[in-house]
Amino acid sequence: MSLSRLRITGLVFLLPLAACSTFEGFLDKGSRTESAPLREAIFNDAELPLADPISRNYFQLVDKNQSVIGELQVVRINEGDTFSDLAREYGLGYDEIVTANPTVDPWIPPVGTPVLLPTQYVLPDTPRRGVVLNIATKRLFYFPEAAEGEPQTVMTYPIGIGRVGWETPTGATTVTAKARDPHWYVPASVRKEHAENGDPLPSIVPPGPDNPLGRHVLKLGLPGYLIHGTNQPYGVGMRVSHGCVRMYPENIETLYELVGLGLQVTIVNQPYLLGKRDGEWYFESHPPLEEDELPADERIAGLLKAAAADDETLLVDPELSAHMQAAASEARGVPVQLSRGDLDEIFERAVLVHNTVELDPDVPTLSEVREMIDQLPDAEPVIIEAVN
């Protein structure tokens, strides 16, 4: 256990009971509340040592039953930081960090504010092969083939997905083509939309900084759908496309080099996830997509039934379902331990880390970033050149 975590845990138990009373237990109130005073008392302690951040994208599974990866982290805001900066630096999407910190201004957070980084993930409930996309959590998981006797590893990245009305489909497919520096053949529907908005587009956009596909593209067997980069990375982690999957340029470049033609790609919609590590059960909940009509209680019942094959006590604990329902109602996207019924345990497990964001004088201004996010183009290419 790191010095940071030992220090944090000690502070939690030394704080006055009055501070702890600000928490409303899942089981008592049916809802989780944020305790800003407690959070700030812990993480604004100037003497608290800082750890190095964990790996952004690469994790090793200790055993085949492990289904939780990563660690929760906390970082303090420096002058000029925005949530977009933090998200990219720590391997997160914009929506992920906003959802985990609903009381903090994402654009002008006060200097020194502790921000929870939701860098712990419950793996999707699907075979661990190839690429798995969970559109509900806006994350991609890649499972490289492990050599005989070697532990399995997993790489995970934030993604942008299709907006309402242009949903990214679920199902199984494969990678059918790859391209560097692709041309974007702009569909007539997109050209019409942009023309009506006073922003006309050419029929073909060549490779370069104005190409919304970025520099790397993976074509899927689902007609018209791609996994690709972007020339406006601040939109990664949001619902902004016509159905294609967007990644940070550095992430798609890495994935592009690793995957081959024919690789299996599985796309699922799982806003609620139940996983286990070191004998402890974790429940992770995200806001369901707007078009998702399956009730939370049905999803939770299904999770418990599936997990009962490993632990029968999950089905006979009357408090467990209520605990999960309460967590689902908040949907912070942060795994919570089911053996606990309050928010304390999240901060006990979190590691306070160095803020490694380096401000680039050439990056867009705050107003420019906001404008980019509001006006992200929706690339929906129908042809890919330079396939290799």
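Residues are numbered from 1 along each chain as its sequence is written, and side-chain values use heavy atoms, with hydrogens and water left out. As the model is a prediction, local features need pLDDT of at least 70 and side-chain atom pairs count only at pLDDT 80 or more, while totals for chains, interfaces and linings use all residues.

The protein has 388 residues, and 53% of them count as buried (under 20% relative accessible area, with exposed over 50% and partly exposed in between; 1.4 Å probe, protein chains only). Its accessible surface is about 17200 Å², with 52% belonging to carbon and sulfur atoms (Shrake-Rupley method, 1.4 Å probe; for residues, only the protein chains shown count as cover). The protein contains 13 helices and 21 strands; these are DSSP runs numbered from the N terminus, helices being H or I with at least four residues and strands E with at least two. Among contacts (heavy atoms within 4.5 Å) with a separation of 6 or more, 73% are between residues 24 or more positions apart.

Two strands pair if DSSP finds at least two bridges between them. β7 runs antiparallel to β6 (residues 130-134), to which 5 bridges join it; Gly130 has Phe143 as its bridge partner in β7. These two strands form a hairpin with 4 residues between them, and Lys138 in the turn has a positive phi of about 55°. β7 also pairs with β8 (residues 153-158), again in the antiparallel sense, over 4 bridges, with Thr156 in β8 as the bridge partner of Phe141.

Phe141 also belongs to the largest nonpolar core, which has 31 residues; Ile69, Leu86, Phe141 and Val154 have the most contacts inside it. Such a core is a set of buried Ala, Val, Leu, Ile, Met, Phe, Trp, Tyr and Cys residues joined through side-chain atoms within 4.5 Å. Beyond its neighbours within four places in sequence, Ile69 is in contact with residues including Phe59, Leu61, Tyr121, Phe141, Val154 and Arg277.

β4 is also part of an open sheet of 3 strands, ordered β4-β3-β21, with mixed pairing. β3 (residues 73-76) pairs with β21 in the parallel sense over 2 bridges, and Gln73 has Val351 as its bridge partner.

The largest pocket holds about 660 Å³ of space. Pockets are found on a 1 Å grid over the protein atoms alone, as open sets of points with protein on both sides within 12 Å along at least five of seven lines; lining residues have an atom within 4 Å of a point. Grid points are joined across faces, edges and corners, and the volume is the space filled by probe spheres set on them. Of the 31 lining residues, Ser67, Asp125, Leu274, Gly275 and Trp281 lie nearest the centre. β18 (272-277) and α9 (296-307) are the elements giving two or more residues to this lining, with the largest share, 6 residues, from β18.

How values were computed
On a 1 Å grid over the protein atoms alone, a cavity is a set of points where a 1.4 Å probe fits but cannot get out, and a pocket is an open set with protein on both sides within 12 Å along at least five of seven lines; lining residues have an atom within 4 Å of a point.
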